[in-house]
Amino acid sequence: MSVTVWVPGDAGALALGAEATAQALLAQSRAAGKEVRLRRNGSRGLYWLEPLVEVETPAGRVAYGPVAARDVPDLLAKGLLEGAAHALRLGDIEKHPWLATQQRLTFARVGRIDPLDLAAYRASGGYAGLARALALGPEAAVKEVLDSGLRGRGGAAFPTGIKWQTVLKQAPGQKYVTCNADEGDSGTYSDRMLMEGDPFSLIEGMTIAGVAVGATKGYVYLRVEYPHAFRVLNAAIAKAREAGLLGADVLGSGQAFDMEVRLGAGAYICGEETSMLESLEGRRGEIRVRPPLPAEKGLFGAPTIVNNVITLATVPGILAGGAAAYQAYGQAKSRGTLPLQLAGNIRRGGLVERAFGLTVRELLEDYGGGSLSGRPIRAVQIGGPLGAYLPASQFDTPLEYEALAAIGALLGHGGVVAFDDTVDMLEMARYAMEFCAHESCGKCTPCRIGSVRGAEALAAIGRGEDRDRQLVLVEELCDTMLNASLCGLGGMTPFPVQSALKHFPEDFRAKARGG
Amino acid sequence: MNAVTTPSEDEARILAAVERHSHRDGPLIEVLHEVQAAFGCIPAGSVPVIARALNLSRAEVHGVVTFYHHFRSKAPGRHVLQICRAESCQAAGGKAIEAHAKKRLGIEFGQTSADGRVTLEAVYCLGLCACSPAAMLDGEVHGRVTRESLDSLIDAGAGVKP
């Protein structure tokens, strides 16, 4: 009788040694005359417990973690394969408070199944959403997405159903579904986890989008920094095609939809939707002036849906369970759930999917357990490099779109990066400008020149040179970038800079710095 | 270009890469990925070959090559070590790791160690932010990097026993 053991193949788990753990488990159990069936899953998202090993026992899956390769001999000796007691034993991981208190809709399968096991995907409700979308027909399927209240999870939070409606209304002809998987914001990794842990949900979501708006071709624009997701997605697409879930006759409906993955090449700006379309066409990722909107004239000039990974992967569940069920989660205009990502200097980093409304403090303390260094958390940056820095006095703000907008911050893609009290906010402001200069596509002057001058001025402040004049310059540059940039890169880089200036002025005051 | 092959062999490899992607719409970036996989960089001599084969101007191809940080103009060392510079890694001590790598290898970002073994590159987020600071060596990911673990990575990458 072989024992099934799950060890994540997720890149985050691999970065913490999961492969060595898996190989040690295989080799050492074999040496002990025990047969182990090694299976790979996505990560449950409790990264401080990775590599998280789960053993299938008659009483269910029993978790151990974090299991380093060096822990394996002791674990095996003490009966890991029988689910026996050990200091690293966690029991049923789904009963762990960190996971049990979450509301996992989009991430329902991640960590539970083998990402490439299509039968397991279907057995757990997969492709029920597509079947229902086909039965409903285009208008009703789009209306379902509209009624769910789903808003773009990439960061812009635009109502997904309205985008789809616009594409549906365009004259029949070539249309495209594109998935923005250029997850470049620091502190975010939910797209990566989803693609590595449940790729069929993204494939099904794109297929639903295709049949709903009359598009026959889909592209995933994936960042080159995600080689693991690239392999998993391609393998999953091949399996879906083989099973007739992609191709000329999707699910026997007579409708065609197929898709491919395109790799980016290390440009943050390509996460901006028009820049992404340029890149998909094989060009420099320079942004396009809107209008026309991509929904009217997008990829190769055709009507195009551009949605983020999480948005699209959430759609199958909405179609399967109905708009009302999804809409019941969340508050105000933020409906459904959001996979938040805890990052930076944090004790328990990982993925927290909950209905909108959790406060920053609840996330940092109840889930995050405070800073990793043990020092007070002085600032958090929410929403990536273009997101505002929040001081501790704002930690009671709920993590939802409007509440954050009200304090001049943004939720973005849901990444929350914690900094302890050793952070130098002047340096973080300077870095924001430096990053913008590094990533600017160069098309508009406020972004191209403003970011370079901004970084220079903030560096000068750091050296104590002409502080007051430089501060005026920084404010003026921020104002120009904010109001005159063509896209969000130049237009939002002022958010981290201005919020740092506003909430942490002491870090910008004249003092002997750097010496 | 690679010294062990002749210019015409190189050209054949480039044309084969173009051929493999010519059925696709907007194939240039896909072609460049393949060329870089074959040569370690986008050799200057490949630009006119790709341009002609895809019916683009040399300026268009050059423009794309130079726009994207991922495409290199020079072949890297035998190993490529990428260290994340983004905020999450900074919050977890990434700058010290970055400084240590530069000092240890005696180079800056974008350079190759004098023995030609390791090229050091900056990267802006590897999506491993729950285990910052992060690095990638030859496509293998590493989280919660410390000075010591970085040293053993460099030693392993350099083929030296720690």
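# Briefing on a predicted two-chain model

Helix H12 of chain A is mostly covered, with 8 of its 8 residues buried. The model is a predicted one. Chain A contains 21 helices and 16 strands, and an assignment divides this chain into four stretches: domain 1 (3-100), domain 2 (118-327), domain 3 (330-420) and domain 4 (425-508). Chain B is divided into domain 1 (7-67) and domain 2 (79-157).

**Helix H12 of chain A**

- The buried residues of H12(A) are Glu273(A), Thr274(A), Ser275(A), Met276(A), Leu277(A), Glu278(A), Ser279(A) and Leu280(A).
- The cover over these residues includes elements of both chains: strand S6 (176-181), strand S7 (217-222), S8 and strand S9 (304-308) of chain A, together with helix H2 (28-39) of chain B.
- After H12(A) comes Gly282(A), whose phi is positive, near 90°.
- Ser279(A), a residue of helix H12 of chain A, counts as buried because it has 29 C-beta neighbours inside 10 Å.
- Apart from neighbours within four places in sequence, Ser279(A) is in contact with Tyr221(A), Gly264(A), Cys270(A), Gly285(A) and Ile29(B).

**Contact between chain A and chain B**

- The contact between the two chains takes 46 residues from chain A and 35 residues from chain B.
- On the side of chain A that touches chain B, two or more residues come from each of helix H1 (11-15), strand S8 (258-263), helix H12 (273-280), strand S12 (337-344) and strand S16 (415-420) of chain A.
- That side of chain A is made up of 23 nonpolar, 16 polar and 7 charged residues.

**Overall form of chain A**

- A compact globule of 515 residues would have a radius of gyration near 24 Å, and the value for chain A is 24 Å, which agrees.
- Along the principal axes, the C-alpha atoms of chain A fill a box of roughly 75 × 60 × 40 Å.
- Of the 515 residues in chain A, 58% count as buried.
- Among contacts in chain A with a separation of 6 or more, 73% are between residues 24 or more positions apart.

**An open sheet in chain A**

- An open sheet of 5 strands in chain A has the order S2-S1-S3-S4-S5, with mixed pairing.
- Strand S2 (36-39) and strand S5 (89-91) of chain A are at the edges; each has a single partner strand, so one side of each is left without a neighbour in the sheet.
- On average, neighbouring strands of this sheet are turned by 30° against each other, direction ignored.
- Strand S1 (residues 3-6) and strand S3 (residues 53-57) of chain A run antiparallel and are joined by 2 bridges.
- Val5(A) has Val55(A) in S3(A) as its bridge partner.
- Helix H2 (residues 18-31) of chain A lies across S1, S2 and S3 of chain A, and runs at about 165° to S2(A).

**Relations between domains**

- In chain A, the centres of domain 2 and domain 3 are separated by 26 Å, taken over C-alpha atoms.
- Contacts between these domains of chain A involve 19 residues of domain 2 and 18 residues of domain 3.
- On the side of domain 2 of chain A that touches domain 3 of chain A, helix H9 (190-197), helix H13 (309-321) and helix H14 (323-327) of chain A each supply at least two residues.
- The residues on that side of domain 2 of chain A divide into 6 nonpolar, 10 polar and 3 charged.
- In chain B, 29 Å separate the centres of domain 1 and domain 2, taken over C-alpha atoms.

**Backbone features in loops**

- Glu50(A) and Pro51(A) are joined by a cis peptide bond with omega about -5°; Pro51(A) is in the loop between S2 and S3 of chain A.
- A cis peptide bond also joins Arg290(A) and Pro291(A), where omega is about -5°; Pro291(A) is placed in the loop between H12 and S9 of chain A.
- Tyr127(A) is not a glycine, yet its phi is positive, near 70°.
- This tyrosine, Tyr127(A), is in the loop between helix H5 (118-123) and helix H6 (128-136) of chain A, and it is buried, with 22 other C-beta atoms within 10 Å.
- Arg144(B), likewise not a glycine, has a positive phi of about 45°.
- Arg144(B) lies in the loop between strand S4 (140-142) and helix H7 (147-157) of chain B, and is buried, with 20 other C-beta atoms within 10 Å.

Note on methods: Residues numbered from 1 in each chain as written. Chains lettered and ligands numbered in written order. Predicted model: local features only at pLDDT ≥ 70, side-chain atom pairs only at ≥ 80, totals over all residues. Pairing = 2+ DSSP bridges. Helix = DSSP H or I, 4+ residues; strand = E, 2+ residues; numbered from the N terminus. Axes fitted to C-alpha atoms, helices over the stretch in contact; angles between N-to-C directions. Contact = placed C-beta atoms within 7 Å. Rg over C-alpha atoms; globule rule 2.2 N^0.38 Å. Buried ≥ 20, exposed ≤ 12 C-beta atoms within 10 Å, placed from the backbone. Nonpolar A, V, L, I, M, F, W, Y, C, P; charged D, E, K, R; others polar. Domains from an automatic or database assignment.
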